Amino acid sequence: MNNNSSLHKTTFLNTLIFNLVLWICSFLLFLFVFAENGHPKTIDYIYTGSFLSTIIVPVLINFYILIPFLLKREKYLFYALAFVLNVLVFSQLNIWFFDHLIDYVFPEYYFISYHSNITLFTIFSVFLIVTTLIKLSVDWFYFNSHENRQLKMRNQLIQAQLASLRSQINPHFLFNSLNVIYALAIENKAETKDAIVQLSDILRYVIYDANTERVALKDEVALLKNYIEFQRFRNQQTENITFNCTIDNENYPIYPMLLLPLVENSFKYGIKGDIDHTFIRIDLTLKDHDFSFDIENNYTESEQEADGHSGLGLENIEKNLKIVYPKTHEFKIFKTASTFRVTLKLFKNEN
Amino acid sequence: MKARKSFFIVLVIGLLLTSCVVKSLHPFYTRDILYFEPQFVGQWMDTDSVHWNIQPFKEVFLKENHHENPSELDEDELKTYNNYKEGYVVYYEKDSTKTTFLAMPFKINNQLFLDFTPIEDRESQQTQNDLYQMHLINTHSLAKLDIVSNNSASIKWLDQDKLEALLKADKIKIKYEKVGFDETILLTASSDELVKFIEKYMNSEDAEKWKTDIEFNLKRTGEQ
């Protein structure tokens, strides 16, 4: 309510300033046109003021009725007709009544050689056309500023959303990693210190390197390999984890931390879910800018459903993709009774 | 020295002769307000015993071109005839000098006016050489005509002082130029604008708006 009131107040103020500037400039312009020799006299001031008062009405009709209701609603033909009618009616009214009125109000002045009727029609036409162009320019200026403000706001909103999503991923990942190290430490395994170093490398990447709009695919692949190696400390059946990576451009730019949640998800619900038939298969390919990531793991329905946060990682990825790869990605989930597969494709035109 | 003195005398005489009436490049009338008043035709004498002979232009024109009726006129003549057929030819005789004017009568708000243009000045033409004549241009002047009765009429020219007073007070916007050594005001406004000016001037609250030194009270001296 306050915002609306403030907006109306600003609009009113802008309209007031616009009209004030327009009519002051118009007064000066007409004054020097009517004075002809560049030295306006009292009679010229009176005539200019009086003349301007008759042209204000058609101009305001044009500004606040014809332009918003016809021109801006793309009724161009109706606008053109209404515009011509506006000029004709008010110039004719001026021809009929203005001289009598000004003579009645200022009987002691002789307003003789100002303009002919044809000139008057030209003045009305040109003035209305010029003021229309000025009005449209000013409106465009305001529209553009408004658009820019909207874009900035939208951008800020997206940035906030992205930051929010990342902040949901990082603690999630950290929580899982600490669990892994905790498990190693409990068993007093010698690999604990190596695991801590690897986690440190992963976190360095997550905290410092991933805070850009895009990273090189090789860095993202290195992260995944690090993560998989890290997970090997925890899981015995690591021979069932395959990571096939075929890329023709290792500097292919990609949104950071896009793939890790998918791998995390597979480890969480695949390896952990079914000890006997665990597997994770990851196929990453990049050929001619067409990126494809295909990950599949074993799946037990009861395990997935028992976890209250089961869908959080995938949901975050989907939200992220809609923002960072709008209409240039394909994200699909395939579920069978025993397998869970996710495919992600990024299309060529994004890059 | 002598030449400078002569020039000065000519200039002073010129000033005396050319001041007083408002002069215009364009006629003070438009065709739609022309109004031929037959009562004005005839022989008149003013208070200074100056003889005025007023004749309809169309009759004088046909007579001078040796025709009986307009159908006999050629194209150029017919054009002139049609342009001025509502007018009068005014023969003005003063102190054995004869000048001829074209006076176009017109009516604004039921008031008769005459637009005067000099046509011929026999004496001047005899004394002035061709080169001098080539530099002269005839202007229009405005006179208010009141036909008081069948035998009396008055003609009052619009005084230049009145126009100058309006211009000086910045109360009039009308096209004009100042010409010559004496900076005589020459109106350059169009005929439409001049008619507009006369209409406005007629409604002026100035009680002495037609007061002028150039005023003639005429008495009829013969038949119409």
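How much space lies in the second largest cavity? About 50 Å³. Keep in mind that this is a predicted model. A search of the whole structure turns up two cavities of 30 Å³ or more.

**Stop 1: the cavity lining**

Select Asp99(A), Ile102(A), Asp103(A), Tyr110(A), Phe111(A), Ile112(A), Lys196(B) and Lys200(B). These residues line the second largest cavity. Now colour by element. Helix 3 (76-105) and strand 1 (110-111) of chain A each give two or more residues to this lining, and so does helix 7 (191-202) of chain B. Helix 3 of chain A gives the most, with three residues. Switch to colouring by class. Four lining residues are nonpolar, four are charged and none is polar.

**Stop 2: the second largest pocket**

Next, show the second largest pocket. About 990 Å³ of space lies in it. Helix 3 of chain A supplies the largest share, eight residues. By class, the pocket lining holds 15 nonpolar, eight polar and 13 charged residues.

**Stop 3**

Show both chains and select the residues in contact across them. Now select Tyr110(A), Ile112(A) and Ser113(A). They supply 53% of the area that chain A buries against chain B, more than any other three residues. Two of these picks return from the cavity stop: Tyr110(A) and Ile112(A) are among its lining residues.

**Stop 4: two backbone angles in chain A**

Go to Glu74(A), in the loop between helix 2 (42-71) and helix 3 of chain A. Glu74(A) is not a glycine, yet its phi is positive, about 65°. Is Glu74(A) buried or exposed? Its relative accessibility is 58%, so it counts as exposed.

Move on to His289(A). Find it in the loop between strand 5 (280-287) and strand 6 (290-298) of chain A. His289(A) has a positive phi too, near 70°, and is not a glycine either. With a relative accessible area of 38%, His289(A) is partly exposed.

**Stop 5: chain B and Thr100(B)**

Chain B has seven helices and twelve strands. Of its 224 residues, 40% are buried. Its accessible surface comes to about 13100 Å², and 51% of that belongs to carbon and sulfur atoms. Take the contacts in chain B between residues at least 6 apart in sequence: 63% of them join residues at least 24 apart.

For a local view, select Thr100(B) in strand 5 (residues 97-108) of chain B. Thr100(B) has a relative accessible area of 6%, so it is buried. What is Thr100(B) in contact with, leaving aside its neighbours within four places in sequence? Select Val89(B), Val90(B), Tyr91(B), Thr117(B), Pro118(B), Ile119(B) and Glu120(B).

Key
Residues are numbered from 1 along each chain as its sequence is written. Chains are lettered from A and ligands numbered from 1 in the order in which they are written. This is a predicted model: local features need pLDDT of at least 70, side-chain atom pairs count only at pLDDT 80 or more; totals for chains, interfaces and linings use all residues. Side-chain values use heavy atoms; hydrogens and water are left out. On a 1 Å grid over the protein atoms alone, a cavity is a set of points where a 1.4 Å probe fits but cannot get out, and a pocket is an open set with protein on both sides within 12 Å along at least five of seven lines; lining residues have an atom within 4 Å of a point. Grid points are joined across faces, edges and corners, and a volume is the space filled by probe spheres set on the points. Helices (H or I, at least four residues) and strands (E, at least two) are DSSP runs, numbered from the N terminus. Ala, Val, Leu, Ile, Met, Phe, Trp, Tyr, Cys and Pro count as nonpolar, Asp, Glu, Lys and Arg as charged, and the others, Gly among them, as polar. Buried means under 20% relative accessible area, exposed over 50%, partly exposed in between (1.4 Å probe, protein chains only). Contact means heavy atoms within 4.5 Å. Accessible areas come from the Shrake-Rupley method with a 1.4 Å probe; for residues, only the protein chains shown count as cover. Buried area is the accessible area (1.4 Å probe) that two parts lose on being put together, summed over both.
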